[in-house]
Amino acid sequence: MNAVNAAGWRPSMGDSGQATGGVATASGDYGLMLEEALSFELGAEGKCGVDLDAADRAPMPGLSKFLRKEAPALPGLTEPEVVRHYTRLSRQNYAIDLGPFPLGSCTMKHNPRLNEKMARLPGFADVHPMQPQATVQGALEVIEQLADWLIGLTGMASVAMSPKAGAHGELCGLLCIRAALDARGEERDVVLVPESAHGTNPATAAFAGFKVESIPATPAGRVDLAALKEKLGPHVAGVMITNPNTCGLFEPDMKAIADAVHEAGGYVYCDGANFNAIVGKVRPGDLGVDAMHINLHKTFSTPHGGGGPGAGPVVLSEALAPFAPLPFVTRGPDGDIHLVEEENRGEGHGRSFGRMVAFHGQMGMFTRALTYILSHGADGLRQVAEDAVLNANYVLRACEDVLPAPFAKSGPCMHEALFSDSGLAEGFSTLDIAKGLIDEGFHPMTVYFPLVVKGAMLVEPTETESKAGLDRFIASLRSLAERAKAGDESLHSAPHFAPRHRLDETQAARKPVLVWQG
Amino acid sequence: MRYLPLTSADRAEMLESIGAASVDDLFVDVPAQARLPGPIEGLPAHASEMAVERHMSALAAKNLSAGSAPFFLGAGAYRHHVPSSVDHLIQRGEFLTAYTPYQPEIAQGTLQVLFEFQTQVARLFGTDIANASMYDGSTACWEAILMASRITRKGKAVLSSGLHPHYGEVVRTMAKFTRDEIVSLDTELTAEPDDAAVIAQIDDNTSCVVVQYPDVLGRIPDLAAIAEAAHAKGALLVAVVTEPVALGLIEAPGHLGADIVVGEGQSLGVGLQFGGPYLGLFGCREKFVRQMPGRLCGQTVDADGKRGFVLTLSTREQHIRREKATSNICTNSGLCALAFSIHLTLLGGGGLAKLAAVNHARAQATIERLTRIPGVELLNEAYFNEATLILPRDAREVVNELAGRGVLAGVSLGRLFPVADGLHKGLLVAATETTTDEDIETLATQLENLLVGVPA
Amino acid sequence: MTRYFTEDHEWIEVEGDLGTVGITDYAQGQLGDITFVELPEAGAAVTKGDSVSVVDSVKAASDVYTPVSGTIAEANHALGDEPELVNTDAEVGGWLFRVTLSNASELESLMDADAYKTYVESL
């Protein structure tokens, strides 16, 4: 494609020839390594990839004072140019479809294509959220069926379906707790969060108006139960605990923690980001949890799409269920499914804390997640958890002799294996291992999280990796650890074989360029 | 199980290599009484692809889809034709199955798309900059109010009565917890929007005024006048756009003085999907960049000096700032942003203008025909592709009865404003480029028959 | 003129009742490349220990606490265009703000240069 443009950017600009063995091509492309200009540099004003008939009426007189003086300055492209532009861009991405994507706590598993097909059925994809309810009974039934599954799998009393993603679900759970405390007439303003928690937990608690206090961890990487008990009191609204936790470990004292918090009058929020490790094996409801969000894009394989959309339904205990947000579905005595919204909340739902989103939540994710759940069934989901945990332990034991695994001595991990960069040669760190993995053809693991481990590397293989695939990954990780211990300088400039070398994040942040300047 | 690559032999070999007798040994940290002995009772077992497809298809068939009936609903979600290449491209595995671009060297595809998306949104809105998307229009609207309060250090937001009532509910729900003061105005059936009433509410404690453009009844507020009044008191104007196609025809809010412009991007590329996932759009003045919520993609260079893109200014975000973050949002709406961006790249500015002109013309044809029915009156002085009709009887009943006759007639104000008085005869009717003359005639005929009592 | 240090790695140099505050060279080294400095507004009344400024690097955002109570007299607006001054000249040109002291006795609880050096070595 013609990438020469008025703004002057050409694909060969800035090319040192380092990755190309000194060969310089005239185009700046190298075989299948294709550069791509911005759409603004490719398109032309007035060009259009959509055939439209001219309007058969002039704008109404009342609109004249509002009319735009000129069309938005957006160049267009024809369909062949658009298909090529985005296809070329897509090739600069790594993806789960290309290989293992072992980002700890992110759960990058295979995305079944049946899910995509079902979500695109016109009966789901082409219905309006405010159609008369009689015309969308099938859509409401999807919400109801998925809700029933989530309740059954977690052993909880009910579920709020509308939150748009995990962090939104956390907010939903904490607002339920706030509403429940208000209903009790109590002013509790502190939420306890373990120091290993993901940053969203304290951010959400603060957003919901709580003060955050940190709970220390034991040397074995678990919540310190005694320390937690000391912090409990009449000012504590609740705790936010991730289980399995961010170190990839199950919190064995979960029930004791919940009992202590309940005894002190607080509620237990569980961050369900890692539910995929225990789905079908353990029900959070049996552990005393009051609220837990479920990332449908993690446990139930709805695609991450380069950063969303997610979906974060929140399962709730009996104590919190009355405060769930609007809207939600109920089945009436007539057998029809009804929406409970602002107008009929008085019919036994007067304690709902209100509305979090414009419509019903992430319907497109519900259809995908339900398809996935029905495909696996109760038996298959149990196998999902078992295989995810088995794969992680396999990686843990295969690498712990070359990379320190701070909590490996205390027993098996759950769905992710945690390593530290202690013991690498002077000047070598987690970043070098991560960028080296790119050259090996893998996506790096989660790095520098959780913060409680120096140079953390959190590897989550998921259940959809084969043993052969894991063996290849393990061989690469071991090789990189050995090279970093030996002080192999070439790691400092890795990746060598990616579409870009290391990018200058300092320049990006000091003088932000957020829109095309041409 | 078709999605699980491990064989029984693999599992046995792996267990042996890690020194575990059985997989249950790996779950030793789970207290014994909490460990389920087998699959959860009462839930079905796994099913074949064919069986699942049959089940889901049966559920889908229970819905009356927009494409199979004359369809006139809007109110914050619009049915537009999405070019085939959009859905094809977003299903490329490299986009669909990638994660948030935290490793920029191998995520330049997603990052460049986000950079292009930010530029498109900024130009469409007439703002200096835009972010890489939010959950949806309603949550973007609430985030804009929070941002205005951070910038002005004042706590009172004035909501126009023309703001989508669901957006207003989201704002009021959230503000209960943050204790921001929200002034909401009652919606009335007037030909002009409530600009004067909004301006009258602005005082020295006002952080922002929130005005939908066009408003939820399809009327078009005078943003320039409201912006001037707001700025005179040190308040910001937050403009809310739920139908971005309108900006192909009417002036961009940023050019009229809006300081923050948010919107729902569903109209372009995304589809109705029964309400989600949708796409929150967020643009603002460049000087507010460090107060902005959500992810941002920025341009930089790599070690060789080659242009590249990274997520930037992430110190505003929750994973670093924790309880001091500007927002708790983690996941955005990346794939929907991609769909929006592809659709807008196909259109270009000229195509968008043409599409908007066609939408407006189809709406005029619809309104002209429907207002020929005795007793049906148009409320609006002006409208883009959606307007409010006043019927001689309760519009919600009419909509439900017309649905029984296979016509999806619009959104009744009784459904939209269930607890408001005096709006129940209002019917919000939207038309787009997908609306045919036959659709309009079918709606008109069925509505007329219903109003005069001709049985279905 | 005397220079004092805090355990949060701020330095303050006092002349009369005016103190100039910045972060130490050790602190900038820990933070890495500084990308942005959020400065306090002149005229703001502050209490010792208040977070009055934020120093951003690519990977972290760090609060800067005022070592003394008083009124903000001035902020270093040169950092708006050149936040990297905090990296290159942390303890002179990279100062963050000046504060008019309301209670000079608060200085007594701070460290002097030798004590701070010992403190950093202990970290």
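Q: Why are α12(B) and α14(B) called oblique?
A: In this predicted model, helix α12 (residues 395-404) of chain B and helix α14 (residues 437-452) of chain B pack at about 120°, with axes 11 Å apart. Angles under 35 degrees count as roughly parallel, over 145 as roughly antiparallel, 65 to 115 as roughly perpendicular, and the rest as oblique. That's what makes α12(B) oblique to α14(B). The axes are lines fitted to C-alpha atoms over the stretch in contact, and the angles run from 0 to 180 degrees between N-to-C directions.

Q: Which residues make the contact of α12(B) with α14(B)?
A: Val398(B), Glu401(B) and Leu402(B) come from α12(B), and Gln446(B), Leu447(B) and Leu450(B) from α14(B). Being in contact takes C-beta atoms, placed from the backbone, within 7 Å.

Q: What makes up the classes of that contact of α12(B) with α14(B)?
A: Four residues are nonpolar, one is polar and one is charged. Ala, Val, Leu, Ile, Met, Phe, Trp, Tyr, Cys and Pro count as nonpolar, Asp, Glu, Lys and Arg as charged, and the others, Gly among them, as polar.

Q: How many helices and strands are in chain B?
A: It's 14 helices and 13 strands, taken as DSSP runs (H or I, at least four residues, for helices; E, at least two, for strands) and numbered from the N terminus.

Q: What percentage of the residues of chain B count as buried?
A: Of its 456 residues, 64%. Buried means 20 or more other C-beta atoms within 10 Å of the residue's own; exposed means 12 or fewer, with partly exposed in between.

Q: Which contacts in chain B are between residues 24 or more positions apart?
A: Those pairs account for 73% of the contacts with a separation of 6 or more.

Q: How many residues of chain A are in contact with chain B?
A: 181, and they meet 170 residues of chain B. Helix α10 (residues 363-399) of chain A gives the largest share of its side, 21 residues. By class, that side of chain A has 91 nonpolar, 54 polar and 36 charged residues.

Q: How many residues of chain C are in contact with chain A?
A: Five, against four of chain A. The chain C side has three nonpolar, one polar and one charged residues.

Q: What do the numbers and letters rest on?
A: Residues are numbered from 1 along each chain as its sequence is written, while chains are lettered from A and ligands numbered from 1 in the order in which they are written. Local features need pLDDT of at least 70 and side-chain atom pairs count only at pLDDT 80 or more, but totals for chains, interfaces and linings use all residues.

Technical notes: Two residues are in contact if their C-beta atoms, placed from the backbone, lie within 7 Å.
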